[in-house]
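Hello,

Here is the structure we talked about handing over. Please open it first, then read my notes below.

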Amino acid sequence: MNEIKHITTLFRDIYNGDPWIDITLMGTLENISAETAAKRISPHCNTVWEILNHIISWRENVLQRVQGKIMITPGNNYFTAVIDQSSTAWDNTLQALKNSQMEWIAFLQKLNEADLEKIYPGNDAAYYKNIYGIVQHDAYHLGQIILLMKLI
(Lines give C-alpha, C1' and ligand atoms only; values in the text may rest on other atoms or scores of the structure.)
Protein backbone atom coordinates (compact mmCIF):
# COMPACT_ATOMS: atom_id res chain seq x y z
CA MET A 1 0.00 0.00 0.00
CA ASN A 2 1.39 3.42 -0.85
CA GLU A 3 1.66 6.36 1.54
CA ILE A 4 -1.39 8.19 0.14
CA LYS A 5 -3.54 5.13 0.77
CA HIS A 6 -2.19 4.91 4.33
CA ILE A 7 -3.03 8.55 4.98
CA THR A 8 -6.49 8.14 3.46
CA THR A 9 -7.11 5.17 5.74
CA LEU A 10 -6.09 7.24 8.76
CA PHE A 11 -8.53 10.00 7.76
CA ARG A 12 -11.34 7.50 7.25
CA ASP A 13 -10.59 5.68 10.49
CA ILE A 14 -10.53 8.74 12.77
CA TYR A 15 -13.69 10.08 11.14
CA ASN A 16 -15.89 6.97 11.31
CA GLY A 17 -13.82 3.87 10.69
CA ASP A 18 -11.85 1.47 12.81
CA PRO A 19 -8.93 3.40 14.34
CA TRP A 20 -6.41 1.93 16.73
CA ILE A 21 -7.70 4.27 19.47
CA ASP A 22 -11.12 2.59 19.14
CA ILE A 23 -13.14 5.84 19.08
CA THR A 24 -14.14 8.01 16.14
CA LEU A 25 -15.29 11.56 15.64
CA MET A 26 -18.72 10.63 14.28
CA GLY A 27 -19.19 7.67 16.59
CA THR A 28 -18.75 10.10 19.48
CA LEU A 29 -20.45 13.22 18.12
CA GLU A 30 -23.59 11.68 16.62
CA ASN A 31 -24.87 10.84 20.11
CA ILE A 32 -24.35 14.33 21.53
CA SER A 33 -27.23 16.81 21.55
CA ALA A 34 -26.87 20.50 20.78
CA GLU A 35 -27.60 21.30 24.42
CA THR A 36 -24.86 18.98 25.65
CA ALA A 37 -22.40 20.15 23.00
CA ALA A 38 -22.90 23.76 24.15
CA LYS A 39 -22.53 22.99 27.86
CA ARG A 40 -19.57 24.68 29.55
CA ILE A 41 -18.28 22.81 32.60
CA SER A 42 -15.97 25.64 33.67
CA PRO A 43 -15.35 29.22 32.56
CA HIS A 44 -11.84 28.11 31.60
CA CYS A 45 -12.89 25.14 29.43
CA ASN A 46 -14.09 25.04 25.87
CA THR A 47 -17.36 23.35 25.05
CA VAL A 48 -17.58 20.24 22.88
CA TRP A 49 -19.07 22.45 20.17
CA GLU A 50 -16.23 24.99 20.36
CA ILE A 51 -13.70 22.17 20.12
CA LEU A 52 -15.50 20.72 17.11
CA ASN A 53 -15.53 24.10 15.36
CA HIS A 54 -11.80 24.34 16.10
CA ILE A 55 -11.23 20.87 14.57
CA ILE A 56 -13.19 21.78 11.43
CA SER A 57 -11.38 25.12 11.03
CA TRP A 58 -7.96 23.51 11.35
CA ARG A 59 -8.94 20.79 8.87
CA GLU A 60 -9.89 23.56 6.43
CA ASN A 61 -6.73 25.56 7.18
CA VAL A 62 -4.36 22.66 6.58
CA LEU A 63 -6.23 21.55 3.47
CA GLN A 64 -5.74 25.02 2.01
CA ARG A 65 -2.06 24.90 3.01
CA VAL A 66 -1.43 21.70 1.08
CA GLN A 67 -3.27 23.18 -1.87
CA GLY A 68 -0.66 25.94 -1.96
CA LYS A 69 -2.31 28.79 -0.07
CA ILE A 70 -0.42 30.62 2.69
CA MET A 71 -2.66 30.64 5.74
CA ILE A 72 -2.55 32.97 8.73
CA THR A 73 -3.74 31.44 11.99
CA PRO A 74 -6.10 33.83 13.78
CA GLY A 75 -5.24 35.02 17.27
CA ASN A 76 -8.13 33.01 18.72
CA ASN A 77 -6.72 29.80 17.16
CA TYR A 78 -10.22 29.10 15.82
CA PHE A 79 -11.81 28.96 19.27
CA THR A 80 -14.94 31.10 19.27
CA ALA A 81 -18.15 31.11 21.26
CA VAL A 82 -21.12 29.40 19.66
CA ILE A 83 -23.93 31.94 19.34
CA ASP A 84 -26.66 29.83 17.74
CA GLN A 85 -27.00 26.75 19.97
CA SER A 86 -30.03 25.27 18.24
CA SER A 87 -30.34 21.67 17.11
CA THR A 88 -30.29 22.89 13.52
CA ALA A 89 -27.02 24.73 14.11
CA TRP A 90 -25.53 21.59 15.71
CA ASP A 91 -26.65 19.53 12.71
CA ASN A 92 -25.01 22.13 10.45
CA THR A 93 -21.77 21.82 12.42
CA LEU A 94 -21.82 18.03 12.05
CA GLN A 95 -22.46 18.52 8.32
CA ALA A 96 -19.47 20.89 8.15
CA LEU A 97 -17.31 18.12 9.65
CA LYS A 98 -18.68 15.68 7.07
CA ASN A 99 -17.96 18.19 4.30
CA SER A 100 -14.39 18.64 5.50
CA GLN A 101 -13.98 14.87 5.51
CA MET A 102 -15.25 14.58 1.94
CA GLU A 103 -12.98 17.44 0.84
CA TRP A 104 -9.93 15.78 2.41
CA ILE A 105 -10.69 12.39 0.86
CA ALA A 106 -11.22 13.99 -2.57
CA PHE A 107 -7.94 15.90 -2.21
CA LEU A 108 -6.01 12.80 -1.14
CA GLN A 109 -7.36 10.79 -4.05
CA LYS A 110 -5.83 13.32 -6.46
CA LEU A 111 -2.56 13.81 -4.57
CA ASN A 112 0.69 12.48 -6.04
CA GLU A 113 3.03 10.79 -3.62
CA ALA A 114 5.85 13.18 -4.63
CA ASP A 115 3.67 16.09 -3.43
CA LEU A 116 4.06 14.84 0.15
CA GLU A 117 7.63 16.15 0.07
CA LYS A 118 6.66 19.68 -0.97
CA ILE A 119 7.45 22.28 1.67
CA TYR A 120 4.75 24.57 3.01
CA PRO A 121 6.51 27.93 3.37
CA GLY A 122 4.32 29.03 6.28
CA ASN A 123 6.03 26.59 8.66
CA ASP A 124 8.81 25.09 6.49
CA ALA A 125 7.37 21.61 7.06
CA ALA A 126 6.73 19.04 4.36
CA TYR A 127 3.15 18.53 3.27
CA TYR A 128 3.21 15.05 4.78
CA LYS A 129 3.96 16.55 8.22
CA ASN A 130 1.06 18.99 7.89
CA ILE A 131 -1.27 16.19 6.73
CA TYR A 132 -0.27 13.74 9.46
CA GLY A 133 -0.47 16.64 11.91
CA ILE A 134 -4.14 17.23 11.20
CA VAL A 135 -4.94 13.55 11.84
CA GLN A 136 -3.05 13.79 15.14
CA HIS A 137 -4.91 17.03 15.90
CA ASP A 138 -8.25 15.29 15.35
CA ALA A 139 -7.26 12.47 17.72
CA TYR A 140 -6.00 14.88 20.38
CA HIS A 141 -9.21 16.90 20.44
CA LEU A 142 -11.37 13.78 20.21
CA GLY A 143 -9.78 12.77 23.51
CA GLN A 144 -10.75 16.14 24.98
CA ILE A 145 -14.33 15.68 23.80
CA ILE A 146 -14.50 12.22 25.38
CA LEU A 147 -13.19 13.63 28.68
CA LEU A 148 -15.65 16.54 28.58
CA MET A 149 -18.53 14.15 27.97
CA LYS A 150 -17.52 12.16 31.05
CA LEU A 151 -17.49 15.36 33.12
CA ILE A 152 -20.82 16.58 31.77
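Glu-50 is buried, at 5% relative accessibility. The cut-off for that label is under 20%. Keep in mind that this is a predicted model.

What does Glu-50 pair with? Its side chain meets that of Arg-40 in a salt bridge, at 2.6 Å from N to O. Arg-40 lies in the loop between α3 (34-37) and α4 (48-65), while Glu-50 is in helix α4, so the pair ties together parts that are ten residues apart in sequence. Arg-40 is partly exposed, with 39% relative accessibility.

The structure holds three salt bridges. As background, side chains of opposite charge can pair when their charged atoms come close.

Another bridge links Arg-59 and Asp-138, with the closest N and O atoms 2.9 Å apart. Arg-59 sits in helix α4 and Asp-138 in helix α6 (residues 127-151), so the pair ties together parts that are 79 residues apart in sequence. Are these two residues buried or exposed? Arg-59 has 0% relative accessibility and counts as buried. Asp-138 is also at 0% and also counts as buried.

Then there is Lys-118 with Asp-115. Their closest N and O atoms are 3.5 Å apart, and they form a salt bridge. Lys-118 is partly exposed at 42% relative accessibility. Asp-115 is buried at 17%.

On charge overall, the protein chain has 12 positive and 16 negative side chains. The centres of the two sets lie 3 Å apart.

Now the fold. The protein chain has six helices and two strands. From the N terminus, the order is α-α-α-α-α-β-β-α. The radius of gyration is 16 Å, close to the 15 Å that the globule rule gives for 152 residues, so the chain is as compact as a globular protein of that length. Along the principal axes, the C-alpha atoms fill a box of roughly 45 × 35 × 25 Å.

How much of the chain is buried? Of its 152 residues, 43% count as buried. The accessible surface comes to about 8,400 Å², and carbon and sulfur atoms make up 52% of that.

Last, the contacts. Take those in the protein chain with a separation of 6 or more: 71% of them are between residues 24 or more positions apart.

Best wishes

Conventions. Residues are numbered from 1 along each chain as its sequence is written. This is a predicted model: local features need pLDDT of at least 70, side-chain atom pairs count only at pLDDT 80 or more; totals for chains, interfaces and linings use all residues. Side-chain values use heavy atoms; hydrogens and water are left out. Helices (H or I, at least four residues) and strands (E, at least two) are DSSP runs, numbered from the N terminus. The radius of gyration is taken over C-alpha atoms; the globule rule is 2.2 Å times the number of residues to the power 0.38. Buried means under 20% relative accessible area, exposed over 50%, partly exposed in between (1.4 Å probe, protein chains only). Contact means heavy atoms within 4.5 Å. Accessible areas come from the Shrake-Rupley method with a 1.4 Å probe; for residues, only the protein chains shown count as cover. Lys and Arg count as positive and Asp and Glu as negative; His and the chain ends are not counted. The place of a charge is taken as NZ of Lys, CZ of Arg, CG of Asp or CD of Glu. A salt bridge is a side-chain nitrogen of Lys or Arg within 4 Å of a carboxyl oxygen of Asp or Glu.
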